[in-house]
There are 2 protein chains.
Amino acid sequence: MSRSSIGTSSRRRRTTSPRPRCRPRCGMGGSCIARDGVIRLDTVTTPGPRPTITEVARLAGVGRSSAARALGGYGSVSESTRDRVLAAARELGYETNELARSMSTGETRTIGVVLADIANPFFAGVLRGITEVCAAEGFDTIVVNTDEDVEREQAAVRLMLAKQVDGIVVSPTGGADADADHLEAAISRGVPVVQLDRTLSRLPGPAVVLDNREAAFAATQELLSAGHRRIALAWGPRSEVPADTVAGLQTAAQADLSTTRERLIGYLRALADAGLPADPRLVMTGDQTVDGVARFTREALSAERPPTAVVVTETDAALGVLQVLREQSLQSPRDLSLVGFDDAPWVQYLDPPLTVLSQPVEELGERSAQELLALMRGRPVSASLVHLSARLIRRSSVASLPS
Amino acid sequence: MSRSSIGTSSRRRRTTSPRPRCRPRCGMGGSCIARDGVIRLDTVTTPGPRPTITEVARLAGVGRSSAARALGGYGSVSESTRDRVLAAARELGYETNELARSMSTGETRTIGVVLADIANPFFAGVLRGITEVCAAEGFDTIVVNTDEDVEREQAAVRLMLAKQVDGIVVSPTGGADADADHLEAAISRGVPVVQLDRTLSRLPGPAVVLDNREAAFAATQELLSAGHRRIALAWGPRSEVPADTVAGLQTAAQADLSTTRERLIGYLRALADAGLPADPRLVMTGDQTVDGVARFTREALSAERPPTAVVVTETDAALGVLQVLREQSLQSPRDLSLVGFDDAPWVQYLDPPLTVLSQPVEELGERSAQELLALMRGRPVSASLVHLSARLIRRSSVASLPS
DNA sequence: CTGAAAGCGCTTACAG
DNA sequence: CTGAAAGCGCTTACAG
C-alpha cells in the first residue's frame, strides 16, 4: 500500500520548458491562445479532467505498466495490484483513450461505411443491419453519404484510410467502366473492402448483393404466367439515346450500376424463356427519376400497342407509375398490372396493394458486415460473391389476362 | 538537393532491441506470431506500405519537422522545400495518419451521432441532414443505433468519449425521470452535446426539436374546424394502467418521451381552446406499437360514443389505424377522419391520401449539426432550444361534419 | 508479477 | 526557414 511516487513520472514528463503547452484540454488555469489566435478562457469550456493511466498509477501507487495491464486486461497482474488500480480508476473516473490505444495496437475497431443515400429506406435498413452486427462485435461505424457521386466516394475512402479504419463496406457508384483505384488503394494497404448491393467489375473482391437477375426474372414471370405478353420494364439503363435494339440496351446497361444491368438481364431472360421477343420500346432508358419514369410510362401507355403490365424495379419507379395512373384516372390492375420492387409498411395500404419483390434489406447489411469482419480477422470468406434472394409477396396488382 | 541522411533518424528510431516489433503492419519479411497465437505470413495480408512523414522527409532530404510543416500546411517552409516534400509525398503515396494527428492536436474531427432507430425514415432523414452538414465542414460521423434502449445509449456515449469525438448529437431515450449522467459526463469532459428530436428534462443543454405542441395543436384544430367534436389521439403515453382522468394522462406523459408529452399537450390545448372537454378514453395509452394502436382503435370505434376523427401522431400509429379500417371495411374520411404525422412519398397514393403534418426531417438534422459545430467552436449558440415547425399538408382524409 | 523504456506518427515550442 | 527534441496516452518487449 506504499504510495511511493518514485519512478512514477517518466523522463518525458519532465519537460524542459517551464511553460505548459497550450491546448484546449490543457486543464491549467488562466487562458490559452489557440492556433486561430482567439483567446479563450479555460473556465469557458471547463474542460473536465480526462485522467490518464499515469494518474491512475500514481493514485494506486504502482507503475504505469502495471496500471495499464490491469486496466487493459492483458499481461499479468497480482490480484491486489489489480484491485488497487481499478479502485483508483473508478475514483478518478478513468476511461481508456481509445485513440492512444489505436496508435499502439494499429487497430481502431472502427469500420467505414460508404453508402449512396442513407435517407433511402433501402440503405437505411442496410445501415441498420451493418451497425447491429458491428456493435455486437465491438466495432463502431463511420458512415458517409455519397449521393451517387464518385468523387465524394473517393474522398470518403481516402479520409477513412487516413483515419485508419479496420475495414470498409461500400455501395460503389459506377458501372463497368468506373475505375476502382480508391478501393484498390484500400486493399493494397491491407484494409479489407466488401462491396454491398452493387459490384464494380474492376474490383473482383467480396460482395454481398441481391440476386437481381433472379428477382427480375421472378417478377416478369409472375406477369407472364398471368397471361401478359406486353410487359414493360420501368427503370432501365440511363443511356443518352433511347436504345432501339435489345443489344443497344444491353450495351447501355453495361455502363450502369450492376443492379440495373442484372435486373434488365433477368427481365430479358424471362421473356426469352417464354419464347417472347423483347421490345426495346418497352424498356425505360434515360432519366432515372420519378419524373423520368412518369414520362416513359405516359409514352408507353399512349403507344400503338401499349403494355398490359410493367415490372417496376425501383421504389422511385413505382412512384412514377402510380403518378401516371392517377393522372389518367387509370386503375391497377384493371388497366395495368404491376409487380414492384421493395416492400414497405405502406405498400399493403396502397390502392391496389402492390405485389412486390421484397429485398432482405437488413440481412444484406448484416451479411456484408459479417463478411468484412471475417476478412479483417484473416478468416477465409465464405464466397467472393454472396447472393441473397428477394421474396415475392403476392397482393392484388396483377390481373389475369384471358388467354 | 543534398540527400544527407544525417539527423533524419531520431533517437527513438534506434531501438536497442535487434528484433523488430511484431505487429500486423510490421512490413518486414517473414512471419509474425500475433497475440492470438496464430501464425500469419506477411504475404497473406500483403500490408502495403503506409509511408510516414519520416519516409517522406528522408526521400525529400529534409528534416521531419519541415516535411511535417509542408504536408500539414502549418508553420512556414520555403517554396523549394515544400516542392521537394510534396513531390516525395506523391511518389510514396503519402497520406496523413489522422489518428496520430488527433493524438497531437486533441481533436478528431469526428462527431458521434446516437439515434433511436436509423432504419426509421424519420431518423434516416435526420441522419442524412447531419452527415451532409458535417461532411461539408470536414467532420466525420460515427453513428450508433440504440433501439430506444437506455443502456445501449449509455454505452454508446461512453465509447464515443473513449474514441475522443469532438461532439455528440443524441436523440435521448427516456422521459422526465430518466437520468442524464452519461450525457453530463460528456459535457463535463468538454465534449458538447446537442439533443435532437427529444429533450431530457435533466439536461438543460441545447436541443433541436419539432414544435410538437404546435403541431398537435394544428392537427387537432384542423379536425375541430371541420366540425369534429369527438377526436381521438392515437399514440399517447405508455402508462401501465389506462388513465381515466386528464390529469392521470398528463402525469403518465411526464414520464414519456418529450415528443409524446408535447403532442398530448397540444391536443389537449386545442380542445380546451374550443371549449371542449377532453375524454381520457379517447387517448391511447399503453402499448406503443402498431398492434397497440390497432387495439385502441378497435375499442374506441366500438365504444358507446365513438370518435368521428383521430389525430395520429406517429407513423406506426397511422399503420395501426389503417389496419383497423381495412379490417372493418371502413372508409376514411367517410367513417373516420384522419390527420396524420410525417409525410412520405407513398402517403399521397394511399386511399384516401392522408392529410398530415410534415416534419422538416432533414432540416432537424442539419440544424442540430450546425448547433453542435457552433458549440464546438466556442461560438455562442443561437438558442438553447431550437423549435422547428411542422407543415400541414391538406389531402382528403378529413370530412366536414354538418354542424 | 513489476517497472522503466521505447515506440506508434504526428504537432508544437525551442533554438539556431 | 529549419531541425532536434518533447509530448499526446497508450501497448509492448525487456530485464529484473
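## Helix 6 of chain B

In this predicted model, B:Asn120 caps the N-terminal end of helix 6 of chain B, with a side-chain oxygen 2.7 Å from the backbone nitrogen of B:Phe122. Helices (H or I, at least four residues) and strands (E, at least two) are DSSP runs numbered from the N terminus. Helix 6 of chain B covers residues 121-136, and its 16 residues reach 23 Å from first to last C-alpha, close to the 22 Å expected; the expected span is 1.5 Å times one less than the number of residues. B:Gly138, whose phi is positive, near 80°, follows the helix.

Because 12 of its 16 residues are buried, helix 6 of chain B is largely enclosed by the rest of the structure. Buried denotes under 20% relative accessible area, exposed over 50%, and partly exposed in between (1.4 Å probe, protein chains only). Among the buried residues are B:Phe122, B:Arg128 and B:Thr131.

## A:Asn145 and its contacts

A:Asn145 belongs to strand 4 (residues 140-145) of chain A and counts as buried because its relative accessibility is 3%. Its side chain makes a polar contact with the side chain of B:Arg128 at 3.2 Å. A polar contact is a pair of N or O atoms within 3.5 Å; within protein, one must be able to donate a hydrogen and the other to accept it, and residues adjacent in sequence count only if both atoms are side-chain atoms. Leaving aside residues up to four places away in sequence, A:Asn145 touches, among others, A:Arg152, B:Arg128, B:Thr131 and B:Glu132, contact being heavy atoms within 4.5 Å.

## Interface of chains A and B

The contact takes 73 residues from chain A and 74 from chain B. The area buried between the chains is about 6200 Å², with carbon and sulfur atoms giving 53%; buried area is the accessible area (1.4 Å probe) that two parts lose on being put together, summed over both. A:Arg50, A:Trp346 and A:Tyr349 supply 14% of the area that chain A buries against chain B, more than any other three residues.

Between the chains there are 8 salt bridges, each a side-chain nitrogen of Lys or Arg within 4 Å of a carboxyl oxygen of Asp or Glu. A:Glu132 forms a salt bridge with B:Arg152, the closest N and O atoms being 2.9 Å apart.

## Basis of the values

Residues are numbered from 1 along each chain as its sequence is written, while chains are lettered from A and ligands numbered from 1 in the order in which they are written. Local features need pLDDT of at least 70 and side-chain atom pairs count only at pLDDT 80 or more, whereas totals for chains, interfaces and linings use all residues; side-chain values use heavy atoms, with hydrogens and water left out.
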